[in-house]
Amino acid sequence: MEHGPIIGERRQTTWLLEGGIRFFLAAALTASQTTGGYAPFALGLVAAAGPGIPGAAALAGTAAGSLLFLDFAEALPHLAIAILILTAATSFRGSSFLGSPKAQVLTAAGLTLAVQGIYVAQSLSPLEHLTPCLAAVGLTGASAWFFRPLLQPDGERPLRDGVLFLTAALLLAFMDLTLLGISLGRAALCTLLAYAAYDQGLAAGAAIGLGLGLTVDLCTGSGNGLFTAGFGFAGLLAGSRQGHRRSTAAVAFLLAVLAALLPAEEPFSQPLLVEALLGMAVFLLLPGRLFGGKRVKRAEPASQTGNQLKERLNKAAGALRDLYDSMGRSTPPSTEENPAIVFDRAAERVCRGCALCTLCWQKEYTGTFNALNDATPYLLERGRAMAKDFPQYFSDRCIHLPDFITAVNGELSAYLLRRQYRRQLEETRRSARGQYAQLSELLTATAAGLGESVPASGAAGILTRERESAPPCQVGAALRPKEGETVCGDTLVSFQREDGLWCLLLADGMGSGEPARKESALTCRLLRQFLEAGIEPEAALKTLNAAMALRGAETGSFTTIDLCAFQPSTGEAAFYKFGAAPSYLKKGGTVRRVTGGSLPAGLRGTPASPDVTTVRLEPGSFAVMISDGVADPSRDEWLLDLLAGWEGEDPQVLAGLILSESIRREHLLDDCGVQVFYRPLPEEKNGVRRV
């Protein structure tokens, strides 16, 4: 009984301390605003604080921050959302589903979208305000997710991620604090990113850099992805130096920022470089105890993976270099359209039915030509035609002058738009080629800087034993050109990566014959280089599609891409399709069709993702990939019946059988390509089938 008052006093002190922390954090986070006057981090803190006194303290801090940092028009919906979030948390307290962390995150994001969406819909330009609103909704949900482990520890997620996210959110509030034009907040963010990347490694560094850069772009309103590219690449290279000296991580960080700034001409370019230099100076001055001696502990794993990382960087650099070369070879030089086409098309519309057509365009052709030629400079300079632009002898003679000028202005607008499009396309193509070349050089330089290391014999031994214990997969392939052609426009490629992943590619170039073969072969070669460099299939396909869209903008060429990636260790197979024909899975007498609805690569703008279908490929199963010349998807019953009734185990025999039946039915009206992948059943040993 003597300790009761003391315990009650301690609990009261703890509640006051926790409430005060939530109050001041919510108030400070209100200063971290994105484009459009949104303060999503404070709303995320209210959602993470939960119901009761902690949530009320966070709400009070949000109200105080709104009075200090937001205009009245921005503070009103902000406070309304915070009140709704706390009300929902109180109402759903104790609920098994609605009270779960994921439900609270979705509730916070949904309420933000509901309230702010009303203001966006009522604005004068809703489409212009839609993107900042959606970005604020996403940041609100992300904030609630990362802040919850800090405010309501449950042991499910590490506190480290929440601390990094909270630190970054607080530093965003200081971005407008400048010294000689340099943002101290962004310089501190560079220090934080370098520390996180160096501490957590390559993959985490890239992910943190991309997220942080995207958030800074949203807060600054630049809209050009400068910070996303710079911070993302900086986190990647700084993380690659994990286990080495901090100075090498700082140099890699600065090289990455410099590479991102080379093609940029934005007002943030020069300050960002200085801010990165200042941030790296602070990073190098950080006390060593912050890193906990992890460099010594991680030296051994780094030495084991150094050779593998170096090889992957070199392969990625080679793939980017070939992509750069392919864009230069395949793109024809841009030619300016002759302005005379404006008058030709206008005359076709107006003069053809005129009574004086013969006089103007035959007897007095020279005079008409000179009159239009003299008016051309004025048209191009002003952007529209006027009667005074034409000589008097022409305007007095033309009996349909107003109609002719109207037609000329219509054709002139179209001509100027086409010219602007071609110039912008050429500039985009040059910029993309330059970025591919710079990234290739930087990856090559980074790989050259990696020291020679001891081979990872342990990991290699495990992988070797896994491959030896499982029966090898088998691949069969068959090609036939279109009737009348000597070469097939389809290309088939299959290989197995060092990590065991099987990759099967089928590309179908536009048209047939040699031009189609060159296009499909180039596509397969570039994609194989990306995959062998360790790049994930979806990311490799997105990069390739973006480059092909630029290459085919003038010619209109495209290529269908069909990729099957099978991981023997898990038994999962993923089909990635860019406009490709259906694929088929066969297990015994059961056949399944795998389809996709996306356009071929080169016809879709960026960003564009392929259709992805993930299945489990059981032992004894076949995966069959075909081009559209083998079977029409609307009448492929014969192929389904053939696969269901076939009882063999040789994929090459099955590929030949499919091609033979296709020739009999389709008569080689298009190029044909068939690729069959077979996962054998476990081998039998001493009469017992090995599992």
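Here is a short exchange about how some labels on this predicted model are reached.

User: What should I keep in mind about this predicted model?

Analyst: Local features need pLDDT of at least 70, side-chain atom pairs count only at pLDDT 80 or more, and totals for chains, interfaces and linings use all residues. Residues are numbered from 1 along each chain as its sequence is written, and side-chain values use heavy atoms, with hydrogens and water left out.

User: Why is cysteine 564 called buried?

Analyst: Buried means under 20% relative accessible area, with exposed over 50% and partly exposed in between (1.4 Å probe, protein chains only). Cysteine 564 comes in at 1%, so it counts as buried.

User: And why does cysteine 360 count as buried?

Analyst: Its relative accessibility is 11%, so cysteine 360 gets that label too.

User: How many disulfides are there, and how do you know?

Analyst: A disulfide is a pair of cysteine sulfur atoms within 2.5 Å, and by that rule the count is zero. For cysteine 360, the nearest cysteine sulfur belongs to cysteine 354, 6.4 Å away. For cysteine 564, the nearest is that of cysteine 503, at 8.7 Å.

User: What makes strand S11 largely enclosed?

Analyst: Strands are DSSP runs of E, at least two residues, numbered from the N terminus. S11 covers residues 621-626, and six of the six are buried, so the rest of the structure largely encloses it. Ser621, Ala623 and Met625 point one way, Phe622, Val624 and Ile626 the other.

User: How do you know that S11 pairs with S12?

Analyst: Pairing takes at least two bridges found by DSSP; S11 and S12 (residues 672-679) have six, in the antiparallel sense. One of these links valine 624 with valine 676.

Methods: Helices (H or I, at least four residues) and strands (E, at least two) are DSSP runs, numbered from the N terminus.
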